[in-house]
Amino acid sequence: MEKKIFTIKRNGRKKVIQLKKVVLVPDSFKGTLTSVQICDIMARAVRRFYPDAQILSVPVADGGEGSVDAFLQAVGGEKRTCPVQGPYGEQTNSFYGLLPDGTAVVEMAAAAGLPMVGGARNAERTTTYGVGQLMAAALDAGCKKLVVGLGGSATNDGGCGAAAALGAVFLDKSGTSFVPVGRTLEQIERIDLSGLHPRLKQVPVIAMCDVDTPLCGPTGAAAVFGPQKGADEAMVARLDAGLRHFGDVVLRDTGKEILDLPGAGAAGGMGGGMAALLGAQMQMGIETVLDTVGFETMLQGADLVFTGEGKLDAQSLRGKVVLGVARRAKKAGVPVAAVVGDIGDHIEEVYDQGVTGVFSINRVALPYEAMKPRAADDLRLTVENLLRFYRDGRKTGLA
């Protein structure tokens, strides 16, 4: 096999042109390729041209299903299993990830996810209690930091179930404690946090969230996400009223304002519940990923970064994966190639933020449904073209 190393002469001396280190940090192409698959395709393309290159892969987790596996693939660690309650209180086996530095990663989809309820979707009855059980298991295991991915939920309980599993007590008008779900949020009369898990005061908790949905209103949790969780128009109105009441009680009993908190409506109000009841810090998913994997260390000595997402458009400018990666790479002086499914208009700002070039894998200008079956091959061919340009451009002094 021909070894892909090239030389040029400078003042009579040969200079080796070699790509020594590449960092891969792609988001998934939703509904087409997972971030793990994209990393694998990119890595194989790099190996074809630079077989000796060091390749570091960071498949980006968005907080939903697959987040734990993505973190474990990026930095190692172990998956731990434990029994918890599912979305309807049924017993089920779930898991969390424990990374080498002591960070625990919980994906709420593993205990309260939409796929777990199948066709029985009812956002008034589902609970996040099992998510709190996973968090408690990680705290009991001695984790040093707790990252909770808010995505893919079947719930609309404001995170009350999770808080209850961690020791929060919710009381109704008669003083009776209960675990609120979507339909009973309006019955909360008082919240007592005195019995919360003691390690919550010692361990930083990060709520990994990529939406800025408010708790209530026409752009709130129930209105935006309720329908996909089985809510009709009447149920959306009831759920919204319940979340508003919950926000009022939270303000009165904890002094924390969540009605206007960006991201409070994430995962059926779980964002607001985690911030107010569990002291969690809300953070964009990509920032959480890059902090957790030690991205700045990965960039040391890197020649090139590949990133990407399904479509790079105006929404991407709000801090999604490509820009999150590019901003940090720019500080380290490492060029960034954004390989994406499609490119929207008015994305020029990405170049100022650190993206060196944007490249679509839609090689023959097909609509989404037509290009989906060929996405893997088109991604490979696009990355290979970039590497050819890098190789031959460096060889001739053009790159």
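Helix 8 is mostly covered in this predicted model: 12 of its 12 residues are buried. These buried residues are Ala 266, Ala 267, Gly 268, Gly 269, Met 270, Gly 271, Gly 272, Gly 273, Met 274, Ala 275, Ala 276 and Leu 277. Just after helix 8, Gly 279 has a positive phi of about 70°.

Helix 9, residues 285-293, is also described as mostly covered, with 7 of its 9 residues buried. The buried residues there are Gly 285, Ile 286, Thr 288, Val 289, Leu 290, Thr 292 and Val 293.

**Helix 7 against helix 8**

Two packed helices are described by the angle between their axes and the distance between the axes. Helix 7 spans residues 233-254 and helix 8 spans residues 266-277; their axes come within 11 Å and cross at roughly 5°. Angles under 35 degrees count as roughly parallel, so helix 7 is roughly parallel to helix 8. On the side of helix 7, the contact is formed by Leu 243, Phe 246, Val 250 and Thr 254. These meet Gly 268, Gly 273, Ala 276 and Leu 277 of helix 8. Sorted by class, the contact of helix 7 with helix 8 has 5 nonpolar residues, 3 polar residues and no charged residues. An α-helix has 3.6 residues a turn, so residues three or four places apart point the same way.

**Thr 213 in its loop**

Thr 213 sits in the loop between strand 12 (205-208) and helix 6 (221-225). Is this residue, Thr 213, buried or exposed? Thr 213 is buried, because its relative accessible area is 8%, and buried means under 20%. Leaving aside neighbours within four places in sequence, its contacts include Thr 219, Gly 220, Ala 221 and Phe 225. Further along the chain, Thr 213 is in contact with Leu 261, Pro 262, Gly 263, Ala 264, Gly 265 and Ala 266. Ala 266 is also one of the buried residues of helix 8.

**Ser 94 in strand 6**

Ser 94 belongs to strand 6, residues 91-98. A polar atom of the Ser 94 side chain lies 2.8 Å from the backbone oxygen of Ala 110. Not counting residues up to four places away in sequence, Ser 94 touches Arg 80, Thr 81, Cys 82, Val 84, Ala 110, Ala 111 and Leu 134. Ser 94 and Gly 77 are 17 residues apart in sequence, and their C-alpha atoms are 17 Å apart in space.

**Cysteines and buried sites**

A disulfide is a covalent bond between the sulfur atoms of two cysteines. How many disulfides does a search of the whole structure find? The search finds 0 disulfides. Cys 143 is in none, and the nearest cysteine sulfur, that of Cys 82, is 12 Å away. For Cys 160, the closest cysteine sulfur is in Cys 216, at 12 Å, which is too far for a bond.

| Residue | Relative accessible area | State |
|---|---|---|
| Ser 94 | 2% | buried |
| Cys 143 | 1% | buried |
| Cys 160 | 0% | buried |
| Thr 213 | 8% | buried |

Definitions and conventions: Residues numbered from 1 in each chain as written. Predicted model: local features only at pLDDT ≥ 70, side-chain atom pairs only at ≥ 80, totals over all residues. Heavy atoms only, no water. Axes fitted to C-alpha atoms, helices over the stretch in contact; angles between N-to-C directions. Helix = DSSP H or I, 4+ residues; strand = E, 2+ residues; numbered from the N terminus. Parallel < 35°, antiparallel > 145°, perpendicular 65-115°, else oblique. Contact = heavy atoms within 4.5 Å. Nonpolar A, V, L, I, M, F, W, Y, C, P; charged D, E, K, R; others polar. Buried < 20%, exposed > 50% of the residue type's maximum accessible area, 1.4 Å probe, protein only. Polar contact = N/O pair within 3.5 Å; in protein donor to acceptor, adjacent residues only side chain to side chain. Disulfide = S-S within 2.5 Å.
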